[in-house]
Amino acid sequence: PESNERQDRLGKLLHTQAGFKAGLGDLNGAMALFQQSLDLKERLGDLQGKARTLHQMALVSEVRDDLNGAMQLYQQSLDTFEWLGELQGKAATLSEMANIKMQQDEWSKAASLLKHSIDIAEQLHDLYWLGLNTAKIGQIAEHNMNLAEAAKLYRESIGYFEQLGSPVAEQVKGMLAKVEQMMKGG
(Lines give C-alpha, C1' and ligand atoms only; values in the text may rest on other atoms or scores of the structure.)
Protein backbone atom coordinates (compact mmCIF):
# COMPACT_ATOMS: atom_id res chain seq x y z
CA PRO A 1 0.00 0.00 0.00
CA GLU A 2 2.77 2.48 0.87
CA SER A 3 4.42 1.77 -2.47
CA ASN A 4 1.11 2.42 -4.23
CA GLU A 5 0.68 5.71 -2.36
CA ARG A 6 4.19 6.74 -3.36
CA GLN A 7 3.53 5.82 -6.99
CA ASP A 8 0.22 7.69 -6.90
CA ARG A 9 1.98 10.82 -5.60
CA LEU A 10 4.66 10.40 -8.27
CA GLY A 11 1.96 10.11 -10.96
CA LYS A 12 0.30 13.31 -9.73
CA LEU A 13 3.66 15.09 -9.63
CA LEU A 14 4.46 13.99 -13.18
CA HIS A 15 1.02 15.17 -14.31
CA THR A 16 1.57 18.58 -12.69
CA GLN A 17 5.05 18.94 -14.15
CA ALA A 18 3.70 18.01 -17.57
CA GLY A 19 1.11 20.77 -17.25
CA PHE A 20 3.85 23.29 -16.44
CA LYS A 21 5.93 22.16 -19.41
CA ALA A 22 2.91 22.46 -21.70
CA GLY A 23 2.24 25.96 -20.35
CA LEU A 24 5.83 26.91 -21.13
CA GLY A 25 5.54 25.58 -24.66
CA ASP A 26 7.62 22.42 -24.20
CA LEU A 27 5.03 20.16 -25.78
CA ASN A 28 7.37 17.22 -26.34
CA GLY A 29 8.52 17.33 -22.72
CA ALA A 30 4.91 17.61 -21.57
CA MET A 31 3.85 14.58 -23.61
CA ALA A 32 6.74 12.50 -22.25
CA LEU A 33 5.76 13.35 -18.66
CA PHE A 34 2.07 12.77 -19.32
CA GLN A 35 2.95 9.37 -20.79
CA GLN A 36 4.94 8.46 -17.65
CA SER A 37 2.03 9.61 -15.51
CA LEU A 38 -0.41 7.60 -17.64
CA ASP A 39 1.74 4.47 -17.31
CA LEU A 40 1.75 4.81 -13.52
CA LYS A 41 -2.00 5.42 -13.38
CA GLU A 42 -2.66 2.36 -15.52
CA ARG A 43 -0.44 0.20 -13.29
CA LEU A 44 -2.28 1.49 -10.21
CA GLY A 45 -5.70 1.00 -11.81
CA ASP A 46 -6.51 4.71 -11.37
CA LEU A 47 -9.12 5.04 -14.11
CA GLN A 48 -10.13 8.57 -13.12
CA GLY A 49 -6.51 9.69 -13.33
CA LYS A 50 -6.07 7.81 -16.59
CA ALA A 51 -9.07 9.53 -18.18
CA ARG A 52 -7.87 12.98 -17.08
CA THR A 53 -4.32 12.35 -18.28
CA LEU A 54 -5.57 11.12 -21.67
CA HIS A 55 -7.67 14.30 -21.89
CA GLN A 56 -4.60 16.46 -21.18
CA MET A 57 -2.52 14.52 -23.71
CA ALA A 58 -5.26 15.15 -26.27
CA LEU A 59 -5.15 18.89 -25.56
CA VAL A 60 -1.37 18.89 -26.16
CA SER A 61 -1.83 16.90 -29.38
CA GLU A 62 -4.39 19.46 -30.49
CA VAL A 63 -1.95 22.32 -29.85
CA ARG A 64 0.62 20.39 -31.91
CA ASP A 65 -1.93 20.28 -34.75
CA ASP A 66 -2.16 16.49 -34.51
CA LEU A 67 -5.94 16.50 -34.71
CA ASN A 68 -6.28 12.79 -35.49
CA GLY A 69 -4.02 11.87 -32.58
CA ALA A 70 -5.95 14.24 -30.33
CA MET A 71 -9.24 12.70 -31.42
CA GLN A 72 -7.96 9.19 -30.60
CA LEU A 73 -6.84 10.31 -27.14
CA TYR A 74 -10.14 12.10 -26.50
CA GLN A 75 -12.00 8.95 -27.53
CA GLN A 76 -9.97 6.85 -25.05
CA SER A 77 -10.66 9.45 -22.37
CA LEU A 78 -14.37 9.51 -23.24
CA ASP A 79 -14.58 5.70 -23.13
CA THR A 80 -13.00 5.71 -19.66
CA PHE A 81 -15.26 8.51 -18.38
CA GLU A 82 -18.28 6.62 -19.74
CA TRP A 83 -17.17 3.42 -18.02
CA LEU A 84 -16.77 5.34 -14.76
CA GLY A 85 -20.11 7.12 -15.21
CA GLU A 86 -18.25 10.43 -14.77
CA LEU A 87 -20.57 12.89 -16.48
CA GLN A 88 -18.52 16.07 -15.96
CA GLY A 89 -15.49 14.58 -17.70
CA LYS A 90 -17.69 13.19 -20.43
CA ALA A 91 -19.29 16.59 -21.12
CA ALA A 92 -15.88 18.28 -21.28
CA THR A 93 -14.44 15.65 -23.59
CA LEU A 94 -17.40 15.74 -25.97
CA SER A 95 -17.04 19.52 -26.16
CA GLU A 96 -13.32 19.24 -26.98
CA MET A 97 -14.03 16.59 -29.61
CA ALA A 98 -16.53 19.01 -31.17
CA ASN A 99 -13.76 21.64 -31.40
CA ILE A 100 -11.72 19.27 -33.51
CA LYS A 101 -14.67 18.44 -35.76
CA MET A 102 -15.22 22.18 -36.28
CA GLN A 103 -11.54 22.60 -37.22
CA GLN A 104 -11.94 19.72 -39.68
CA ASP A 105 -15.07 21.36 -41.22
CA GLU A 106 -17.27 18.52 -39.98
CA TRP A 107 -19.92 20.88 -38.67
CA SER A 108 -22.81 18.42 -38.36
CA LYS A 109 -20.65 15.97 -36.38
CA ALA A 110 -19.55 18.84 -34.15
CA ALA A 111 -23.17 19.84 -33.56
CA SER A 112 -24.08 16.27 -32.63
CA LEU A 113 -21.24 16.06 -30.09
CA LEU A 114 -22.20 19.45 -28.63
CA LYS A 115 -25.85 18.49 -28.27
CA HIS A 116 -24.81 15.35 -26.40
CA SER A 117 -22.58 17.45 -24.13
CA ILE A 118 -25.47 19.90 -23.54
CA ASP A 119 -27.77 17.02 -22.57
CA ILE A 120 -25.25 16.00 -19.92
CA ALA A 121 -24.78 19.61 -18.75
CA GLU A 122 -28.55 19.93 -18.35
CA GLN A 123 -28.59 16.79 -16.17
CA LEU A 124 -25.83 18.28 -14.04
CA HIS A 125 -27.31 21.82 -14.06
CA ASP A 126 -23.83 22.92 -15.16
CA LEU A 127 -24.19 26.49 -16.41
CA TYR A 128 -20.58 26.70 -17.65
CA TRP A 129 -20.91 23.81 -20.12
CA LEU A 130 -24.42 24.92 -21.08
CA GLY A 131 -23.10 28.39 -21.89
CA LEU A 132 -19.97 27.25 -23.69
CA ASN A 133 -21.61 24.58 -25.81
CA THR A 134 -24.61 26.76 -26.65
CA ALA A 135 -22.17 29.42 -27.92
CA LYS A 136 -20.38 26.78 -29.99
CA ILE A 137 -23.65 25.66 -31.56
CA GLY A 138 -24.25 29.36 -32.24
CA GLN A 139 -20.93 29.42 -34.10
CA ILE A 140 -22.10 26.48 -36.20
CA ALA A 141 -25.37 28.31 -36.98
CA GLU A 142 -23.34 31.40 -37.89
CA HIS A 143 -21.07 29.32 -40.13
CA ASN A 144 -24.18 27.96 -41.86
CA MET A 145 -25.43 31.56 -42.24
CA ASN A 146 -28.45 30.88 -40.04
CA LEU A 147 -27.90 34.24 -38.39
CA ALA A 148 -31.21 34.50 -36.52
CA GLU A 149 -30.56 31.11 -34.89
CA ALA A 150 -26.96 32.09 -34.10
CA ALA A 151 -28.15 35.31 -32.41
CA LYS A 152 -30.73 33.36 -30.38
CA LEU A 153 -28.11 30.84 -29.25
CA TYR A 154 -25.60 33.57 -28.38
CA ARG A 155 -28.23 35.33 -26.24
CA GLU A 156 -28.99 32.05 -24.47
CA SER A 157 -25.27 31.48 -23.88
CA ILE A 158 -24.85 35.00 -22.48
CA GLY A 159 -27.68 34.28 -20.04
CA TYR A 160 -25.88 31.20 -18.70
CA PHE A 161 -22.59 33.05 -18.32
CA GLU A 162 -24.25 36.05 -16.66
CA GLN A 163 -25.85 33.71 -14.12
CA LEU A 164 -22.35 32.49 -13.32
CA GLY A 165 -20.93 36.01 -13.24
CA SER A 166 -18.40 34.85 -15.83
CA PRO A 167 -16.42 37.28 -17.98
CA VAL A 168 -16.97 34.89 -20.90
CA ALA A 169 -20.36 36.60 -21.28
CA GLU A 170 -18.52 39.64 -22.70
CA GLN A 171 -16.82 37.51 -25.36
CA VAL A 172 -20.14 36.03 -26.43
CA LYS A 173 -21.66 39.54 -26.49
CA GLY A 174 -19.00 40.42 -29.06
CA MET A 175 -20.00 37.39 -31.14
CA LEU A 176 -23.65 38.44 -30.88
CA ALA A 177 -22.85 42.02 -31.93
CA LYS A 178 -21.03 40.73 -35.01
CA VAL A 179 -24.01 38.55 -36.01
CA GLU A 180 -26.47 41.38 -35.41
CA GLN A 181 -24.33 43.63 -37.64
CA MET A 182 -24.35 40.94 -40.34
CA MET A 183 -28.14 40.68 -40.06
CA LYS A 184 -28.42 44.43 -40.69
CA GLY A 185 -26.37 43.93 -43.84
CA GLY A 186 -23.21 45.54 -42.51
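Author: Helices in this text are DSSP runs of H or I with at least four residues, numbered from the N terminus. Leucine 147, for instance, lies in helix 8. The model is predicted.

Reader: How many helices and strands does the protein chain have?
Author: Following the sequence of the predicted model, the pattern is α-α-α-α-α-α-α-α-α. The count for the protein chain is therefore, by the DSSP runs, as follows. There are 0 strands and 9 helices.

Reader: What does the C-alpha trace of the protein chain span along its principal axes?
Author: The protein chain has 186 residues, of which 46% count as buried. Of its contacts between residues at least 6 apart in sequence, 50% join residues at least 24 apart. Along the principal axes, the span of the C-alpha trace is about 65 × 30 × 30 Å.

Reader: Does leucine 147 count as buried or exposed?
Author: The cut-off for buried is under 20% relative accessible area, and for exposed over 50%. Leucine 147 has 12% relative accessibility, so this residue counts as buried.

Reader: Which residues is leucine 147 in contact with, leaving aside its neighbours within four places in sequence?
Author: Valine 179 is 32 residues away from leucine 147 in sequence, yet their C-alpha atoms are 6.3 Å apart in space. Contact itself means heavy atoms within 4.5 Å. With the sequence neighbours within four places left aside, leucine 147 has contacts to Glu142, Val179, Met182 and Met183.

Reader: How far apart are the end C-alpha atoms of helix 8?
Author: Helix 8 covers residues 147-164, which is 18 residues. At 1.5 Å a residue these should span 26 Å, and the model agrees, with the end C-alpha atoms apart by 26 Å.

Reader: Which helices do the buried residues of helix 8 pack against?
Author: The buried residues of helix 8 are Leu147, Ala150, Ala151, Leu153, Tyr154, Ser157, Ile158, Tyr160 and Phe161. An α-helix has 3.6 residues a turn, so residues three or four places apart point the same way. The packing partners of the buried residues in helix 8 are helix 7 (127-143) and helix 9 (168-183).

Reader: Are helix 3 and helix 5 roughly parallel or antiparallel to each other?
Author: The axes of helix 3 (residues 47-63) and helix 5 (residues 87-103) come within 11 Å and cross at roughly 20°. Angles under 35 degrees count as roughly parallel. Helix 3 and helix 5 are therefore roughly parallel.

Reader: How many nonpolar, polar and charged residues does the contact of helix 2 with helix 3 have?
Author: The axes of helix 2 (residues 27-44) and helix 3 come within 9 Å and cross at roughly 160°, and the two helices are therefore roughly antiparallel. Their crossing is left-handed. Among the residues that meet are Leu27, Met31, Phe34 and Leu38 in helix 2 and Leu54, Met57 and Val60 in helix 3. By class, the residues in this contact of helix 2 with helix 3 are 8 nonpolar, 6 polar and 3 charged.

Methods:
Residues numbered from 1 in each chain as written. Predicted model: local features only at pLDDT ≥ 70, side-chain atom pairs only at ≥ 80, totals over all residues. Heavy atoms only, no water. Expected span 1.5 Å × (residues − 1). Buried < 20%, exposed > 50% of the residue type's maximum accessible area, 1.4 Å probe, protein only. Axes fitted to C-alpha atoms, helices over the stretch in contact; angles between N-to-C directions. Parallel < 35°, antiparallel > 145°, perpendicular 65-115°, else oblique. Left-handed = near helix turned anticlockwise from the far one by under 90°. Nonpolar A, V, L, I, M, F, W, Y, C, P; charged D, E, K, R; others polar.
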